[in-house]
Amino acid sequence: MSNSAQFVIAGNWKMNGMLDESLKFIDSLTENPNPTAVEMVICPPYTLLHPLAKPLAEKGVTLGAENMHFEASGAFTGEISPLMLKDAGCHYVILGHSERRDMMHEDHALLRKKLEAAWKHGLEPIFCIGEHLEEREAGTTNDVLKDQLAVLEGTDSSLPLVIAYEPVWAIGTGKTATPEQVSETHAFVHEELARLGRKCKVLYGGSVNPGNAESLMACQGVDGALVGGASLKADSFMDIVGAAARVAT
Ligand code: PGA
């Protein structure tokens with residue numbers, strides 16, 4: 001089940017990370033300044049899940065994966081199943097990241113299957129949503145988010161879920177949404193979730209770094225961050241955790 005901490009700071013390593021450097025990363029992690037207020041999560045590539053599970057747990061960091069197939073096993077060459085993620089010690093799984101939607105053509109029907117498979121096998125999805133630049137400029141952000149969230153329609157609202165709102169134009173670009181855009185959009189996402197019978201954390205993602213984390217975490221309706229680039233170095237990841245701990249009430 002979801003951790004009760006006020007903030008979740010989750011690192012999404014994407015296609016980065018070798019074993020040696022990852023073990024050094026974990027060694028360099030300093031102590032979580034406020035574990036009851038901030039949950040630390042690392043989602044490394046599949047090859048690192050098993051070897052990092054224990055060292056991360058010893059540092060109080062929750063393990064997550066970046067993706068999965070919806071079937072439990074079978075003839076799906078190159079895929080990883082929810083059972084394998086459980087076996088490796090994962091609690092979370094990122095689903096619907098914009099890089100997978102855009103580059104791997106993951107659509108709503110597929111994501112619904114993945115969400116259901118995650119719940120069936122006891123994983124907590126970090127379900128990503130977000131608009132492209134043209135959509136923000138055309139004023140259709142809320143329609144896009146509503147459509148992406150509609151995948152949750154009719155699912156059991158007691159099942160654990162975290163949403164990550166990541167404007168696609170802010171991912172890996174160094175451009176972050178302004179605090180006004182973040183507060184406004186998070187308010188809409190929480191409202192839409194309530195309409196779907198859900199109350200859950202909504203993380204912000206897109207070029208979160210030690211310099212902007214505190215102002216982003218202070219925005220109304222922001223319950224943490226999904227961090228790509230800045231989660232690859234232990235000190236910048238810890239600085240973001242520290243920023244959330246300072247904002248925590
Ligand atoms: P970024 O990535 O922090 O490097 O922008 C965020 C993400 O894609 O989850």
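**Exercise 1. The ligand and its surroundings**

Which atom of G228 lies 2.8 Å from an oxygen atom of the ligand? Determine also which residues come nearest to the ligand.

*Solution.* The structure is a predicted model, in which local features need pLDDT of at least 70 and side-chain atom pairs count only at pLDDT 80 or more, whereas totals for chains, interfaces and linings use all residues. Residues are numbered from 1 along each chain as its sequence is written, and side-chain values use heavy atoms, with hydrogens and water left out.

Step 1. The atom of G228 in question is a backbone N or O atom.

Step 2. In K14, a polar side-chain atom lies 2.7 Å from a ligand oxygen atom.

Step 3. There are 13 residues around the ligand, of which K14, H97, E166, G172 and S207 come nearest; a residue is near if one of its heavy atoms lies within 4 Å of the molecule.

Step 4. By class, the shell comprises four nonpolar, seven polar and two charged residues. Here Ala, Val, Leu, Ile, Met, Phe, Trp, Tyr, Cys and Pro count as nonpolar, Asp, Glu, Lys and Arg as charged, and the others, Gly among them, as polar.

**Exercise 2. Positive phi values**

Locate K14 and H105, and state the phi value of K14 and of H105.

*Solution.* Step 1. Most residues other than glycine have a negative phi. K14 has a positive phi, near 55°, and for H105 phi is likewise positive, near 55°.

Step 1. K14 occupies the loop between β1 (7–12) and α1 (19–28), and H105 the loop between α4 (98–103) and α5 (108–120). Helices (H or I, at least four residues) and strands (E, at least two) are DSSP runs, numbered from the N terminus.

Step 2. K14 is partly exposed at 21% relative accessible area, while H105 is exposed at 64%. Buried means under 20% relative accessible area, exposed over 50%, and partly exposed in between (1.4 Å probe, protein chains only).

**Exercise 3. Two further loop residues**

Describe the setting of G17 and of S81.

*Solution.* Step 1. G17 is found in the loop between β1 and α1 and is partly exposed, with a relative accessible area of 25%.

Step 1. Not counting residues up to four places away in sequence, G17 touches S22 and L48, where contact means heavy atoms within 4.5 Å. The C-alpha atoms of G17 and L48 are separated by 7.8 Å, although the two residues stand 31 residues apart along the chain.

Step 2. S81 belongs to the loop between β3 (61–65) and α3 (82–87) and is buried, with a relative accessible area of 4%.

Step 3. The side chain of S81 reaches the backbone nitrogen of L83 at 3.2 Å. Leaving aside neighbours within four places in sequence, S81 is in contact with H69, E71, A72 and S73.

Note on methods
A polar contact is a pair of N or O atoms within 3.5 Å; within protein, one must be able to donate a hydrogen and the other to accept it, and residues adjacent in sequence count only if both atoms are side-chain atoms.
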